[in-house]
Amino acid sequence: MKHPSSREFFAYWDAKRSNARAPDRSEIEPGAVRDLLGDIFVLSYDNDAGYPFRVAGTRVCALLGRDLKDQSFSGLFADDGRREIEDIITCVAEEMLAAVAGITATSEDGRPAHLELLLLPFNNRAHAPISLTGSLAPFEGDLGKLRDFRLTSWRYLHRPEKLVPRALRKLAIARGFMVYEGLS
């Protein structure tokens, strides 16, 4: 992650999830991330509605020149790249993996704008609607209203796998020639 806002929000989310795959929505305290609230949003996991905003920070709304409540998140993206962002959102919500993406957009005067998108899942609970959170932070200031979002890069943020002591002992014993099953 390149943007300080993304790094700080991810660190807070990561601390709240502890050893779980994702924290519960109720565990995220707005007061704890007060300085980041302008960049933070919450999306409903509703493909048919284009993953609408449930809540959007003031800076995110200012970037788009309007209140975003109930507006389509995937609708912000140019038609040719909309499927990619929808696939990423699906993976974040269903697989409970965090994702970070680079985005370019076009400002009112035609200049390119560069932003960082962070998508973070909430723990799914039975009989509760699925939602996810994230942040959208621009690298430049004074952009005006943006349009035609396009993904330029993205990756999923996996937690490093921990090796249990038994596996570590096996690795210490294994020397020289090793056979890996299933490889051709």
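The legends below describe close-up views of one predicted protein model.

In this predicted model, local features need pLDDT of at least 70 and side-chain atom pairs count only at pLDDT 80 or more, while totals for chains, interfaces and linings use all residues. Residues are numbered from 1 along each chain as its sequence is written, and side-chain values use heavy atoms, with hydrogens and water left out.

**View 1. The whole protein chain and its elements.** The protein chain has four helices and six strands; helices (H or I, at least four residues) and strands (E, at least two) are DSSP runs, numbered from the N terminus. Read from the N terminus, the order of elements is α-β-β-α-α-β-β-β-β-α. Of its 184 residues, 42% count as buried. Buried means under 20% relative accessible area, exposed over 50%, and partly exposed in between (1.4 Å probe, protein chains only). The accessible surface is about 10900 Å², and carbon and sulfur atoms make up 51% of that surface. Accessible areas come from the Shrake-Rupley method with a 1.4 Å probe; for residues, only the protein chains shown count as cover. Among contacts (heavy atoms within 4.5 Å) in the protein chain with a separation of 6 or more, 61% join residues 24 or more positions apart.

**View 2. L146 in strand β6.** L146 belongs to strand β6, residues 146-157. With a relative accessibility of 5%, L146 is buried. Leaving aside residues up to four places away in sequence, L146 touches L63, L64, A105, T106, S107, A113 and L115. T106 is 40 residues from L146 along the chain, yet their C-alpha atoms are 5.5 Å apart.

View 3. Most residues other than glycine have a negative phi. S18 has a positive phi, near 55°, and sits in the loop between α1 (4-17) and β1 (40-44). S18 is partly exposed, at a relative accessible area of 47%. M96 also has a positive phi, near 55°, and is placed in the loop between α3 (82-95) and β3 (98-107). The relative accessible area of M96 is 17%, so this residue counts as buried.

View 4. A disulfide is a covalent bond between the sulfur atoms of two cysteines. The cut-off used here is a pair of cysteine sulfur atoms within 2.5 Å, and a search of the whole structure finds zero disulfides. C61 is buried, with a relative accessible area of 13%. C91 is buried too, with 17%.
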